[in-house]
Amino acid sequence: MPKSLSTALTDKIQNKEARVGIIGLGYVGLPLAVEFAQAGYHVVGIDTDSIKVDALNRGDCYITDISAELFSDMVSTGRLMATQDYGAIGELDAISICVPTPLRKTRDPDMSYVVAAANQIAKHLRPGTLIILESTTYPGTTAEVVLPIMIGNGYVVGEDIFLAYSPERIDPANTIYGVRNTPKVIGGVTLDCADVAMALYDTVVEEVVKVSSTQAAEMVKLLENTFRAVNIGLINEIAIMCDKLGIDVWEVIAAAKTKPFGYMPFYPGPGLGGHCIPIDPLYLSWKLKSLNFNARFIELADEINTNMPRYVVRKVAEALNEDSKPVRGSKVLILGVAYKADVDDVREAPALDIIQLLMQQGAIVHYHDPYVSSIQFDQVDISSVDHDLSILESVDCVIIVTDHSYYDWTDILNHTNLVVDTRNATVGLNGLARVVKI
Ligand SMILES: NC(=O)c1ccc[n+]([C@@H]2O[C@H](COP(=O)([O-])OP(=O)(O)OC[C@H]3O[C@@H](n4cnc5c(N)ncnc54)[C@H](O)[C@@H]3O)[C@@H](O)[C@H]2O)c1
């Protein structure tokens with residue numbers, strides 16, 4: 001009896017003969033591609049961005065979390081290559097889709113990248129191929145959006161082709177947890193789909209967790225990120241309450257987290273950023289709206305978190321006022337514009353809102369970020385200034401927005417008058433500057 005396509009594909013995977021494709025070579029796709037290449041697969045990355053494709057093929061690693069040496073090794077040995085040509089799909093056995101899932105201006109899900117990638121894959125798809133959607137999305141996307149495209153040319157899912165959803169949980173700049181030691185959740189459209197996808201991931205991650213459906217797998221990711229967004233919203237509101245009560249919220253959190261059970265610390269900050277936490281919960285609330293359900297926790301946390309940049313600017317105005325200075329005409333230096341420490345990603349970063357709000361109020365704003373040489377918004381380009389003592393000494397206020405480990409906080413405290421610290425970066429340090437915390 002001839003082998004079923006699922007058995008044949010599983011055999012290919014286990015023998016490392018399967019050719020793996022990664023669609024979208026960004027913060028998620030590139031580390032995944034390197035992990036598959038390192039595990040012994042031949043990996044082809046497909047991206048619409050010629051700059052990324054060319055960089056990869058030259059062996060130039062553009063994601064800081066990946067070892068440059070390992071990367072160039074994978075490229076020079078031919079294990080890893082990239083192309084803009086979707087024709088390569090016909091040669092592949094397993095394909096992971098890692099394209100963006102942003103919000104539209106109306107704050108609704110923008111599925112255009114997923115749909116475009118799925119349409120291109122479907123054009124070249126051959127029987128015996130596994131497709132795994134990894135982009136974060138609302139429950140139902142794999143079955144309602146991707147599946148109809150994949151079976152459009154008559155393939156039967158679970159027999160001819162295999163389709164699964166597996167959320168990407170990577171945490172950029174995390175030096176402890178990476179692709180290999182972060183458990184991977186998988187849900188298949190059918191049982192065979194899940195089993196083939198598990199066989200693939202079993203070869204690159206230490207633990208694979210199977211759930212009963214693609215919808216459940218999609219919901220896992222949204223639970224994780226909604227949990228973070230809501231708890232950050234809660235602690236941001238607690239920070240505002242503490243400020244009104246004259247209590248140091250950071251001291252309260254430090255003491256609360258000594259409780260060994262029933263509490264886990266979240267920290268206030270200047271607002272949410274990145275491609276995940278500010279966006280993903282809104283995918284869920286959007287989906288629920290179509291079922292006439294109002295996701296109140298998500299909406300409330302979103303309101304609190306998106307207002308944090310305004311709160312920071314208010315604290316800056318009050319702090320300048322104490323020095324008898326108006327915001328208009330004051331020189332302000334923002335330290336760090338990336339959305340979190342030690343990354344170069346400015347997507348949804350609160351620093352951008354803080355800069356715009358301060359400029360609208362007439363402040364003269366400069367920024368420094370060791371990872372971000374320039375930022376653009378509203379057709380304005382701003383370049384990072386040099387980080388030297390003269391700039392620190394020349395400004396009326398320094399705002400710590402991102403606590404990159406690059407900075408020497410004591411040095412900063414000793415060469416400026418006023419610091420608004422949104423990250424508690426200066427805790428326990430002394431210097432000449434007056435420090436205002438959120
Ligand atoms: N960045 C994170 O920390 C993170 C973590 C977990 C999950 N995610 C999710 O993973 C997905 C990807 O995020 P990212 O941060 O890697 O995005 P990214 O913007 O860094 O990378 C996406 C890549 O896809 C490419 N692309 C766009 N359309 C394409 C198409 N039709 N065909 C081929 N390539 C295409 C882009 O050029 C880009 O290189 C998103 O759904 C995101 O929510 C991101």
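How much accessible surface does the chain have, and what share of it belongs to carbon and sulfur atoms? It comes to about 19,700 Å², with 52% on carbon and sulfur (Shrake-Rupley, 1.4 Å probe; for residues, only the protein chains shown count as cover). Bear in mind that this is a predicted model, where local features need pLDDT of at least 70 and side-chain atom pairs pLDDT 80 or more, while totals for chains, interfaces and linings use all residues. Residues are numbered from 1 along each chain as its sequence is written, and side-chain values use heavy atoms, leaving out hydrogens and water.

Now for the overall build. The chain holds 15 helices and 15 strands (DSSP runs numbered from the N terminus: H or I of at least four residues, E of at least two). Its C-alpha trace spans about 85 × 50 × 45 Å along the principal axes. Of the 438 residues, 51% are buried, meaning under 20% relative accessible area with a 1.4 Å probe, protein chains only. Take the contacts (heavy atoms within 4.5 Å) with a separation of 6 or more: 68% of them join residues 24 or more positions apart.

Let's zoom in on helix H11, residues 296-306. Its buried residues are Ile 298, Ala 301, Asp 302, Ile 304 and Asn 305. They sit on the same side of H11 because they cover an arc of only 165° around the axis, taken from the directions from the helix axis to the C-beta atoms. And what do the buried residues of H11 pack against? Their partners are helix H8 (214-245), helix H10 (280-289) and helix H12 (308-322).

Terms used. Buried < 20%, exposed > 50% of the residue type's maximum accessible area, 1.4 Å probe, protein only.
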